[in-house]
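Please take a moment with the sequence and the model before reading on.

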There are 2 protein chains.
Amino acid sequence: MAARMTRQRTAVVEALDEIADFRSAQQLHETLRARGESVGLATVYRALQALADASEVDVLRAEDGESLYRRCARREHHHHLVCRMCGRTVEIDGPTVEAWASKVAAAQGFDDIEHTIELWGTCADCRASAAR
Amino acid sequence: MAARMTRQRTAVVEALDEIADFRSAQQLHETLRARGESVGLATVYRALQALADASEVDVLRAEDGESLYRRCARREHHHHLVCRMCGRTVEIDGPTVEAWASKVAAAQGFDDIEHTIELWGTCADCRASAAR
DNA sequence: CGATCTTTGACAACCGTTCTCAACAGGCGT
DNA sequence: ACGCCTGTTGAGAACGGTTGTCAAAGATCG
C-alpha cells in the first residue's frame, strides 16, 4: 500500500503539470511516448486514477463519454469552461449556483447531493481556425 | 427516410411513457423482454437515439458513463435532480443559472456555449431502505 | 546486496454501444 | 388484397475506452 515513486508515475505527473488543458488518458499516453518517456497505457490509466482519488487531478467526461484529466490550479471545489475542440480550460466558480443546487435538492428530500456543472464551448482560437 | 411505426418502436415509446425515471437502454430492453414484447437490444438503442434526436426524450450520463433515457414532461430546456440509486427524477429549472452560465462563457470569448447541469442525490425512499 | 512486495506492461477481458447484412415487414400504388 | 419498394429488425461481430491478469521488473528497507 506504499505509493512508490516510479519513473512512470513521475512522468505522468510531470506531463500533467506542463499541460494546461483537459486531456484524455490516451492523449497523455501518446504525449509521453512521443517524448521518449515510454509508459504503458494501463499504467497511465492507473496513475490517473490514483491522482484522481487523491484529488490531485480533476476528471470530467467528454460528450462522447471519454474521461478527461487535468491538474487544476486550485484544489477547492470549482467548475470548468472547456473548449470542446482543443480542451482549453478556464476554471470558474459560482457561489450562487452552489447555493441554488443544494437548496433545490434538499427541498425535494434528497441527500448526499452532488452536482455536475460544466460549460462547453468553442474558444476564440478554435473558432478562428475552424472558419479557415 | 420515412419513419415507420413498427411494433418495436411503439413498444419502446409506450414503455418510456409508463416509466417516470431515468433508465438505461439495457434496463428498458430487459423490461420489454419481461413483458413479452420482445425487441432486439440494437433496436432499443436505435429507437432511443431517434427519440433523442427528435428531442422526444432526455439523455444524461450516469457516473459510470452509461446513458440514461427519460421521457420528460416538458420539452423546453430544463435540468434534473436524479436519485443515483433508483433513477427517480425531479425536473428543475434555474433561470438564474442559465443566465450565469452564458454570461461567464461569453466573458471568456467562448462560442456555441452549452452547459451540463445535473444534480445527483439519494431520494428519501432509497435512503430509508439503504439504512435497512 | 538480498529479500520483499508493489508496480509495470503486454495482452486479454469487459461493457456499453454501434455496425453489418440478410431476412423481414410497414405502407403506398394498383 | 396483393406486391413491390424501401426502411427496419435482430443476432452477432466489431469497436473503443477502460480495467483485469500475471509473470517479470524495480523500488524500498534491513
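**Contacts with DNA and the fold behind them**

A polar backbone atom of B:Ser67 lies 2.9 Å from a phosphate oxygen of DNA strand C, a polar contact being a pair of N or O atoms within 3.5 Å, where within protein one atom must be able to donate a hydrogen and the other to accept it, and residues adjacent in sequence count only if both atoms are side-chain atoms. This is a predicted model, in which local features need pLDDT of at least 70 and side-chain atom pairs count only at pLDDT 80 or more, while totals for chains, interfaces and linings use all residues. Residues are numbered from 1 along each chain as its sequence is written, chains are lettered from A and ligands numbered from 1 in the order in which they are written, and side-chain values use heavy atoms, with hydrogens and water left out.

Two further contacts reach the phosphates of DNA strand C from chain A: an N or O atom in the side chain of A:Arg9 is 2.5 Å from a phosphate oxygen, and a polar side-chain atom of A:Thr43 is 2.9 Å from a phosphate oxygen. There are 22 residues around DNA strand C, of which A:Thr6, A:Gln8, A:Arg9, A:Arg46 and B:Tyr45 come nearest; a residue is near a molecule or strand if one of its heavy atoms lies within 4 Å of it. Of the atoms of DNA strand C that come within 4 Å of the protein, 66% are accounted for by sugar and phosphate. At least two residues of this surface come from each of helix H1 (7–18) and helix H3 (41–53) of chain A and helix H3 (41–53) of chain B, helices (H or I, at least four residues) and strands (E, at least two) being DSSP runs numbered from the N terminus. H3(B) gives the most, with four residues. The surface near DNA strand C divides into seven nonpolar, eight polar and seven charged residues, where Ala, Val, Leu, Ile, Met, Phe, Trp, Tyr, Cys and Pro count as nonpolar, Asp, Glu, Lys and Arg as charged, and the others, Gly among them, as polar.

Around DNA strand D there are 23 residues, and A:Arg4, A:Tyr45, B:Arg9, B:Thr43 and B:Arg46 come nearest. A polar side-chain atom of A:Arg4 lies 2.5 Å from a base nitrogen of DNA strand D, whereas A:Gln26 places a polar side-chain atom 3.3 Å from a sugar or linking oxygen, and an N or O atom in the side chain of B:Thr43 is 2.8 Å from a phosphate oxygen. Two or more residues of the surface near DNA strand D are given by H3 of chain A, and likewise by helix H1 (7–18) and H3 of chain B; the largest share, four residues, comes from H3(A).

In chain B, three strands form an open antiparallel sheet in the order S1-S3-S2, two strands being paired if DSSP finds at least two bridges between them. Strand S1 (23–24) and strand S2 (58–61) of chain B stand at the edges, each with a single partner strand, so one side of each is left without a neighbour in the sheet. S1(B) is joined by two bridges to strand S3 (residues 67–70) of chain B, where B:Tyr69 is the bridge partner of B:Arg23.

In chain A, S2(A) and strand S3 (residues 67–70) pair in the antiparallel sense over four bridges, and A:Arg70 in S3(A) is the bridge partner of A:Asp58. The hairpin of these strands has five residues between them, and there A:Gly65 takes a positive phi near 95°. A:Asp58 also meets A:His80, as a polar contact of 3.3 Å joins their side chains. A:His80 lies in strand S4 (residues 79–83) of chain A and is buried, with a relative accessible area of 3% (buried means under 20%, exposed over 50%, partly exposed in between, with a 1.4 Å probe and protein chains only).
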